[in-house]
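Here are my notes on this one, as numbered points. Have the viewer open while you read.

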Amino acid sequence: MNLNAIFLRSFRILLLPFSLLYGLAIVVRNFFYNKKIFQSASFNLPVICIGNLSLGGTGKSPMVEYLLELLHDKYATATLSRGYKRKTKGYALANENTNAIDIGDEPMQFYTKFPDVAVAVGEERIVAIPQLLHDKPGIQVIILDDAFQHRAIKAGLNILLTVYDDLYTDDFFFPTGDLRDQKVSAKRADIIVVTKCPLNLSAAEKEKIIQQLNPLENQRVFFTAIQYQTPYHIISKNKKPVSLNDEVLLVHGIANPQPLKNYISEISAAYDEVSYSDHHIFSIDDLKDINKKFTKIQSNNKLIITTEKDAVRLLKFKEQLLNIPLYVLPVKPVFLFDSAEVFNNTVTDFVNSFKKDDIETAI
């Protein structure tokens, strides 16, 4: 552990009193919902919630995209997100004129990849869902992105994500830890997915993690790994595999870049990075800094790699990016232990459990 990490951990321990106050507020809030003093609304159509108990990147966006890929050809599907770091407020529905500033980078990513999906944002999801159903009355399935802790809505299927090397069972309330909800809230999940596992995760380690999570009898636990795809140019969309002869400048503004950095170091000759905070809004000065650092790389075989989430925030510089070798690295979750079919069937069985007439009268 480096000195910065040691300092940060020591500093966060000093914030324990604030964590206890924050935790108390969460416990009281959950008590009010559990005792039905605070009411949760439900809707008469399939609502699937993707979320976690902690701050930071657990792989929610790739999981939302996995579900969109699974469902959008068979059902009129919508996603609803908060739209974190957008410059607008209230409810908004994505259209051909929308950009990441309007709805946030992750919803923009969903809309770009799945233009037939209704992509909406709204801080108050309880208000946004009726508006979404009014704007898109044919909607048959709604996927709530990052909404596990938002109990004003009662989803029909709750999918809770936790990272392989940072399980919620080992965490504590923010700011000493990263928890934004009680560990016991995991009991509300129907499915628990352990994300960002190594591809060679052993059956013995799988069982050890399941014991640590201690799921209820009705809860299913799945394990996924990150699978990176072939990079494509941010503007032309032409694909270019990275080879061991390439030197890479990695540009990222994501919560947990370590798996990405590990991957780039394995597939390239060498890499440098330009890192930003999560959901960073790129400026023209940032683009100049990136170009400046890229020019300093001496190799003839060099390229810039960024994430899909960062790419939607860079697209506003379309003209400047036309002749820059900036490639986007797609990512998707892959289910381990041949469990993809079981997961897919669990989701589709839930959606199919709603009668068509019920869905059509959901409003």
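1. Start with the largest nonpolar core, which has 38 residues. I129, I142, L144, Y168, V194, L213 and F223 have the most contacts inside it. A nonpolar core here is a set of buried Ala, Val, Leu, Ile, Met, Phe, Trp, Tyr and Cys residues joined through side-chain atoms within 4.5 Å. Buried is under 20% relative accessible area, exposed is over 50%, and partly exposed is in between (1.4 Å probe, protein chains only).

2. Before going on, the ground rules: this is a predicted model, where local features need pLDDT of at least 70 and side-chain atom pairs count only at pLDDT 80 or more, while totals for chains, interfaces and linings use all residues. Residues are numbered from 1 along each chain as its sequence is written, and side-chain values use heavy atoms, with hydrogens and water left out.

3. The largest share, 4 residues, is from α6. Helices (H or I, at least four residues) and strands (E, at least two) are DSSP runs, numbered from the N terminus.

4. Another core lies apart from that one; its 34 residues include V64, I191, V193 and F350.

5. Click on Y168. Leaving out residues up to four places away in sequence, Y168 touches L53, L160, T162, L179, K183, A186, I192 and L213. Contact means heavy atoms within 4.5 Å.

6. Now the pair α3 (residues 60-71) and α5 (residues 105-113): the angle is about 25° and the axes are 11 Å apart. Axes are lines fitted to C-alpha atoms, for helices over the stretch in contact, with angles running from 0 to 180 degrees between N-to-C directions. The two helices are therefore roughly parallel, a label for angles under 35 degrees. S61, V64, E65 and L68 of α3 meet E106, Q109, F110 and K113 of α5.

7. Check the peptide bond between F174 and P175: it is cis, with omega about 10°. P175 sits in the loop between β6 (157-163) and β7.

8. Two non-glycine residues have positive phi. N214, in the loop between α7 and β8, has phi near 50° and is exposed at 55% relative accessible area. K237, in the loop between β9 (232-233) and β10 (247-252), has phi of about 70° and is partly exposed at 44%.

Definitions and conventions. Parallel < 35°, antiparallel > 145°, perpendicular 65-115°, else oblique.
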